[in-house]
Amino acid sequence: MADNALTRVEILMQQNRYPEAEQVLRNLLTTDTNNITYLLLLGETNYQQDKFDEARSIAFHLTSLAPDEPEVFFLKSRIAAEEKLYDEAEKNIEQAISLNPNDADYFAFFAQIKLIRKNILWR
């Protein structure tokens, strides 16, 4: 049953139906409160809905549950960047890169942060 629900969450997220995906994830978490996959997806759905406080809270909880999970630090970095906390964003993306140096998305996001900071300086 959880596999079907997780597939449904992925489909809803692909369709940008984040509130519905969030509800399915919250239901899944009632029976498996510390499931890292569910929590990561819940953090992502909150991030996509601009619920940065909730996404940040989930990400920090995940840091204690899965300190070696690079996706946690990627999420934390994206949240920080949205809030223009670029030092924090860089620190977190660097941690994601150190945990998984083979993920091109992390390097691309790191470059994006650097570019934003450079553009700020040139204004």
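Predicted model: local features only at pLDDT ≥ 70, side-chain atom pairs only at ≥ 80, totals over all residues.

Me: Which residues of α7 are buried?

Reply: Buried here means under 20% relative accessible area. In α7 the buried residues are Tyr106, Phe109, Phe110 and Ile113. Seen down the helix axis, these buried residues fall within an arc of 105°, so they line one face of α7. They pack against α5 (70–82) and α6 (86–99). The face turned away from the buried side carries Ala104 and Asp105, which are exposed.

Me: What is found at the start of α7?

Reply: Look for a side chain that reaches a backbone nitrogen. A side-chain oxygen of aspartate 103 comes to within 2.8 Å of the backbone nitrogen of aspartate 105.

Me: How does α3 read by the same steps?

Reply: Begin with length again. The 13 residues of α3 should span 18 Å at 1.5 Å a residue, and the end C-alpha atoms are 18 Å apart, which agrees. As for burial, α3 is mostly covered, with ten of its 13 residues buried. Among them are Tyr38, Leu42, Glu44 and Asn46. The cover over the buried residues of α3 includes α1, α2, α4 and α5.

Me: What caps the N-terminal end of α3, and what follows the helix?

Reply: Asparagine 35 is the cap: one of its side-chain oxygens lies 3.0 Å from the backbone nitrogen of threonine 37. After α3 comes aspartate 50, whose phi is positive, near 60°.

Me: Is threonine 45 buried or exposed?

Reply: Threonine 45, a residue of α3, has a relative accessible area of 0%, so it counts as buried. Leaving out residues up to four places away in sequence, threonine 45 touches Met13, Tyr18, Ala21, Glu22 and Leu25.

Me: How does glutamate 20 read?

Reply: Glutamate 20 is in helix α2 and has a relative accessible area of 36%, so it is classed as partly exposed. A polar contact of 2.5 Å joins its side chain to that of arginine 17. Glutamate 20 and tryptophan 122 are 102 residues apart in sequence, and their C-alpha atoms are 41 Å apart in space.

Me: How should I think about a nonpolar core?

Reply: In soluble globular proteins, nonpolar side chains tend to be buried together. Here the largest nonpolar core has 32 residues, and Val9, Leu25 and Ile93 have the most contacts inside it. The elements giving two or more residues to this core are α1 (2–14), α2 (18–29), α3 (36–48), α4 (52–65), α5, α6 and α7. The most comes from α2, with six residues. Apart from this core lies another, of six residues, including Ala55, Ala59, Leu75 and Ile79.

Me: Which residues are in contact with isoleucine 93, leaving aside neighbours within four places in sequence?

Reply: The contacts of isoleucine 93 are Phe73, Phe74, Ser77, Tyr106, Phe109, Phe110 and Ile113.

Me: Where does UniProt place the feature "repeat: TPR"?

Reply: The unreviewed UniProt entry puts it at residues 70–103. In the model, that span is 79% helix and 0% strand, and its end C-alpha atoms lie 9 Å apart.

Technical notes
Residues numbered from 1 in each chain as written. Heavy atoms only, no water. Buried < 20%, exposed > 50% of the residue type's maximum accessible area, 1.4 Å probe, protein only. Helix = DSSP H or I, 4+ residues; strand = E, 2+ residues; numbered from the N terminus. Arc of directions from axis to C-beta. Contact = heavy atoms within 4.5 Å. Polar contact = N/O pair within 3.5 Å; in protein donor to acceptor, adjacent residues only side chain to side chain. UniProt positions renumbered as here; feature names shortened; annotations may be inferred. Core = buried A, V, L, I, M, F, W, Y, C linked by side-chain atoms within 4.5 Å. Expected span 1.5 Å × (residues − 1).
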